[in-house]
Amino acid sequence: MKQGIAWLAMFACGLASAQQVHKCVGRDGVASYQNSPCAASQRHVKSWDVPAEPQPTLAAAGETHRPRVADPRPRSHQPRTKRARGGAQAHLIAIDGGGVRCDAAKRQRERAIARAGLRRDFDLLSRLDERVREACR
């Protein structure tokens, strides 16, 4: 039984190893790429094998990890970490008045919009945007 499953698994892996792509040109001169041979009304230009993409493993399929995205803030506004004695981390934040106030105003605007929900109106959004513009000058 185990041997039969092993042979079946090896056979299935062999089938998924590659696919053939055919480039065909129609009478109107439009090229098409397909996995089946060209029709009688099409001219065969080229064929090639394309390796199949690897199937995700079971561990990767259940994984919810998102890739790390670069911090959009300028480097001067990003927190820096520094190792202190004993292995603890201390965060050093560059304080340059405008940048910190600007970020705080943006966060405050987002919180106010979330609190308002669907009840937000143009006047509220205008007031919040004006506060952000003032802080980010």
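Two strands count as paired if DSSP finds at least two bridges between them. With that rule, Lys23 has Tyr33 in strand 2 as its bridge partner. The structure is a predicted model. The protein chain holds four helices and five strands, and their order along the sequence is α-β-β-β-α-β-β-α-α.

**The chain as a whole**

- The protein chain has 137 residues, and 13% of them count as buried.
- The accessible surface of the protein chain is about 12,000 Å². Carbon and sulfur atoms account for 57% of that surface.
- Take the contacts in the protein chain between residues at least 6 apart in sequence: 32% of these join residues at least 24 apart.

**Strand 1 and strand 2**

- Strand 1 and strand 2 pair through four bridges, in the antiparallel sense.
- The two strands form a hairpin, with five residues between them. Gly29 sits in the turn and has a positive phi of about 90 degrees.
- One of the facing positions is His22, which stands opposite Gln34 in strand 2.
- Strand 2 covers residues 31-34, and Tyr33 in this strand is the bridge partner of Lys23.

**Strand 1 and strand 3**

- Strand 1 (residues 18-25) is also joined to strand 3, by eight bridges, and these two strands run antiparallel.
- Ala18 has Pro51 in strand 3 as its bridge partner.
- Val50 is another residue of strand 3. The C-alpha atoms of Val50 and Ala18 are 5.4 Å apart in space, while the two residues are 32 apart in sequence.
- Is Val50 buried, exposed or partly exposed? Val50 is partly exposed, because its relative accessible area is 32%, and values between 20% and 50% fall in that class.

**The aromatic pair**

- A search of the whole structure finds one aromatic pair.
- The pair is made by Tyr33 and Trp48, whose ring centres are 6.2 Å apart. The planes of the two rings are at 65 degrees, so the pair is edge-to-face; the cut-off for this class is over 60 degrees.
- Tyr33 belongs to strand 2 and Trp48 to strand 3 (residues 43-51), and the two residues are 15 apart, so the pair links distant parts of the chain.
- Tyr33 is exposed, because its relative accessible area of 53% passes the limit of over 50%.
- Trp48 is partly exposed, with a relative accessibility of 29%.
- Lys46 lies over the face of Trp48, at 5.3 Å from the ring centre.

**The nonpolar core**

- Which residues make up the largest nonpolar core? There are five: Ala112, Ile113, Ala116, Leu124 and Leu128.
- Helix 3 (98-116) and helix 4 (122-135) each supply at least two residues of this core. Helix 3 gives the largest share, three residues.
- As background, nonpolar side chains tend to be buried together in soluble globular proteins.

**Val100 in helix 3**

- Val100 is found in helix 3. Val100 is partly exposed, at 36% relative accessibility.
- Val100 and Ala135 are 35 residues apart along the chain, and their C-alpha atoms are separated by 8.9 Å.

- Asn35 lies in the loop between strand 2 and strand 3.
- Asn35 is exposed, with a relative accessible area of 62%.
- Which residues does Asn35 touch, not counting those up to four places away in sequence? Asn35 touches Gln20 and His22.
- The C-alpha atoms of Asn35 and Gln19 are separated by 7.3 Å, and the two residues are 16 apart along the chain.

Conventions
Residues are numbered from 1 along each chain as its sequence is written. This is a predicted model: local features need pLDDT of at least 70, side-chain atom pairs count only at pLDDT 80 or more; totals for chains, interfaces and linings use all residues. Side-chain values use heavy atoms; hydrogens and water are left out. Rings of Phe, Tyr and Trp (its six-membered ring) pair if their centres lie within 6.5 Å; planes under 30 degrees apart count as stacked, over 60 as edge-to-face and the rest as tilted. Buried means under 20% relative accessible area, exposed over 50%, partly exposed in between (1.4 Å probe, protein chains only). A charge sits over a ring if NZ of Lys or CZ of Arg is within 6 Å of the ring centre and within 35 degrees of the ring normal. Contact means heavy atoms within 4.5 Å. Accessible areas come from the Shrake-Rupley method with a 1.4 Å probe; for residues, only the protein chains shown count as cover. A nonpolar core is a set of buried Ala, Val, Leu, Ile, Met, Phe, Trp, Tyr and Cys residues joined through side-chain atoms within 4.5 Å.
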